[in-house]
Amino acid sequence: MNNKKIFTMVAVLAAIVVIAGGLTRLANRDSLSLADYASQNATPTPDISQMTPTSPAFPSSADSSPSPSPSASPEPESSQNTTRLTGASLNNISPSQERVEIADGFYYEPVSDHLRRYMTGISFPEITQGEETAITFEELRYVHILHYNFEGESTEGELICNAYIARDLTEIFYELYRNEYQLEKVLLIDEYDGDDETSMEDNNTSCFNYRPVSGSDSLSKHAYGLAVDINPLYNPYITYTTDGTQNISPVSALPYADRSAGFPYKIDEDDLCYKLFTKHGFTWGGNWNNVKDYQHFQKAIP
């Protein structure tokens, strides 16, 4: 190969290198390195302290929870029961045809199995097979009323009584309510563990309680559901010893033992409560000779 050919080849190679370099620079003129790209397109680090449960980084529970399967049954709605009374809550399963309602909120009905279980061992005795009681649940009725409390507010009340006086009581308490007669509380004696003294101290009006007469082995009329105690703190039960000493129950009712004194909630023969109960055939313990039971009204089954 002569010198002229060598020179020509070198020149051609040099030209190729120059042209290739230019084309490379042209192609890369608008390109970025990985570092430059990352710098210009970086995503800001989220501030977790500013996020809320509805922001994209914290999907809502509706978004995150799995969709229910087509065969899944919907959750049952909770029953809306606004009553504050234990008995009413437990006895609301009685068939409607067995309820006798004389006015809105004033009714009586049989005692349900749920309420029977609640009462057993408290106001109603636990019995073993073969034992008998002086009364059965079938002879009792649940009574629901409204009354005005000592704040003048209308509120619910409830009693258990003998079926024989269920209508009497419902009608009497309805008339008391219409006249805004005040009863501090009307709750089942079971709320007081069946303790009559505690119930009286709390001025609770009550009826059925399977217990003996205080200081006796004989069953009280309350054990048959045939007696009612009204505002007992202000209308005490008074017995007398041979020397004339008074025994007052409840103990804190001492200021109300003097029936010649004037004070609120006192039952006497001019009181509406006395008039209504005696009109329905009840006798009043305030008229008894040997003891005075000013809170007490009872009715005998013929």
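**View 1. Strand β8 and its pairing with β11 in the predicted model.** Strand β8 (residues 237-240) runs antiparallel to β11, and 2 bridges join them; strands here are DSSP runs of E of at least two residues and helices are runs of H or I of at least four, numbered from the N terminus, and two strands pair if DSSP finds at least two bridges between them. Within β11, Lys292 stands opposite Ile238. The open sheet has 3 strands in the order β9-β8-β11, with antiparallel pairing, and its edge strands, β9 (246-249) and β11 (292-293), each pair on one side only.

This is a predicted model, in which local features need pLDDT of at least 70 and side-chain atom pairs count only at pLDDT 80 or more, whereas totals for chains, interfaces and linings use all residues. Residues are numbered from 1 along each chain as its sequence is written, and side-chain values use heavy atoms, with hydrogens and water left out.

View 2. Ser123 lies in the loop between α5 (113-119) and β3 (140-148), and it counts as buried because its relative accessibility is 1% (buried means under 20% relative accessible area, exposed over 50%, partly exposed in between, with a 1.4 Å probe and protein chains only). Leaving aside residues up to four places away in sequence, Ser123 touches Ile189, Asp190, Phe208, Asn209 and Tyr210, where contact means heavy atoms within 4.5 Å.

**View 3. Helix α6 and the residue Glu180.** Helix α6 (residues 166-178) has 13 residues. Its buried residues include Leu169, Ile172, Phe173 and Leu176. Just after α6, Glu180 takes a positive phi of about 60°.

How values were computed:
Expected span 1.5 Å × (residues − 1).
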